[in-house]
Amino acid sequence: MTSGILRALEHEYQEEEVRKYRASHLFEDIESSRTSLILRYIIQRYNFTNGGAASSNIKRALVRLGANPQLARRVGIAIYEAEMNLIIHTTNGGSIHVEIEPNQISAFIWDEGPGIKDVNLAMQPGYSTATEEIRELGFGAGMGLFNISRCVDEMDLKSEFGKGTHLTLKFFLKGEDIMGDGHLNLKEDGNDA
Amino acid sequence: MTLDQIIKDLDLKVITEGKDFASVTPTHGYVSDMLSCVMTGAKNKSIWVTLQAHNNIVAVACLLDIAAVIISEGAKPDQETINKANEEGITLLTTDKNSFYVVGRLWQLGLRDQ
């Protein structure tokens, strides 16, 4: 039975390796002045069943594209918090667009309401407007926006009460964080030398 | 210390698909029922102790590369949550003991938060 499980795991592992191999060469194989890949997600309000699905998919995409695992984790955490904010706090849900380039990742998260009354207050760790019901699920600790700010290189939060919120996140990739398989090859060559 | 040893020592019930637990070595521990605190504080390869049993724990564990989730106080995830955990390769363990006991035991076994 154990060998059966191990065989299945090995098969899954190989499939994942093939996927990674294909995707990680994307940026090298396609030539343009500036190549980017855009991932788009629509997030529904109060859909807790799918909570974290977009951010998990984004993280997996980054790993397959050859991202450093630590970078993929950082991006995943920031976008998870933003995704849960769309689920918990919006009137009609919202959208997430992630633009991946070899040397930077940008995330645009926006909704059409209700908007944040006091952005500075919302940024403070521990401040939350979540209901008791939401808190029972383990959300609404008031750590979300603060946690996002910790994970990103640049964060811009614009909100108008009654209109909606636009959140822009940037991750600048340097050295071993640069996207794709190219840097892995370079590093291996470096080790050989 | 391997996950296999932790499962045996704490008499944990494995409710997701079997894995080679002897090859998984958790390096840190974290306990909280607030998901945002976990997102902020838990390191990768951590054991996460919580009494939350709904399906959002899977996404959190997956995003953080958590080694395994120990669900305490006899809380039982539904089948949908277990299926999702299997899809994502997340190990869910359950126990009737409370979080205090579980964390105390993990600490005795040598697991730390740093």
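View 1. The side chains of Glu88(B) and Arg60(A) meet in a salt bridge at 2.6 Å, N to O, the term being used for a side-chain nitrogen of Lys or Arg within 4 Å of a carboxyl oxygen of Asp or Glu. The pair crosses between chains, from helix α4 of chain B to helix α3 (residues 53-64) of chain A, where helices are DSSP runs (H or I, at least four residues) numbered from the N terminus. This is a predicted model, in which local features need pLDDT of at least 70 and side-chain atom pairs count only at pLDDT 80 or more, while totals for chains, interfaces and linings use all residues; side-chain values use heavy atoms, without hydrogens and water, residues are numbered from 1 along each chain as its sequence is written, and chains are lettered from A and ligands numbered from 1 in the order in which they are written.

**View 2. The interface of chain B and chain A.** The contact, defined by heavy atoms within 4.5 Å, takes 25 residues from chain B and 28 residues from chain A. The two chains bury about 2100 Å² between them, 52% of it on carbon and sulfur atoms, buried area being the accessible area (1.4 Å probe) that two parts lose on being put together, summed over both. Of the area that chain B buries against chain A, Met39(B), Thr40(B) and Leu63(B) supply 29%, more than any other three residues. The rule finds 2 salt bridges across this interface, and Lys59(A) and Asp65(B) meet through their side chains in a salt bridge at 2.6 Å, N to O.

**View 3. The salt bridge between Arg74(A) and Asp153(A).** The side chains of Arg74(A) and Asp153(A) meet at 3.9 Å, N to O, in a salt bridge. This pair links distant parts of the chain, 79 residues apart, with Arg74(A) in helix α4 of chain A and Asp153(A) in the loop between α7 (144-151) and β4 (154-160), strands being DSSP runs (E) of at least two residues. Arg74(A) counts as partly exposed at 23% relative accessibility, as does Asp153(A) at 39%.

**View 4. The salt bridge between Glu160(A) and Lys163(A).** The closest N and O atoms of this salt bridge are 4.0 Å apart. Glu160(A) counts as partly exposed at 45% relative accessibility, whereas Lys163(A), at 57%, counts as exposed.

Notes
Buried means under 20% relative accessible area, exposed over 50%, partly exposed in between (1.4 Å probe, protein chains only).
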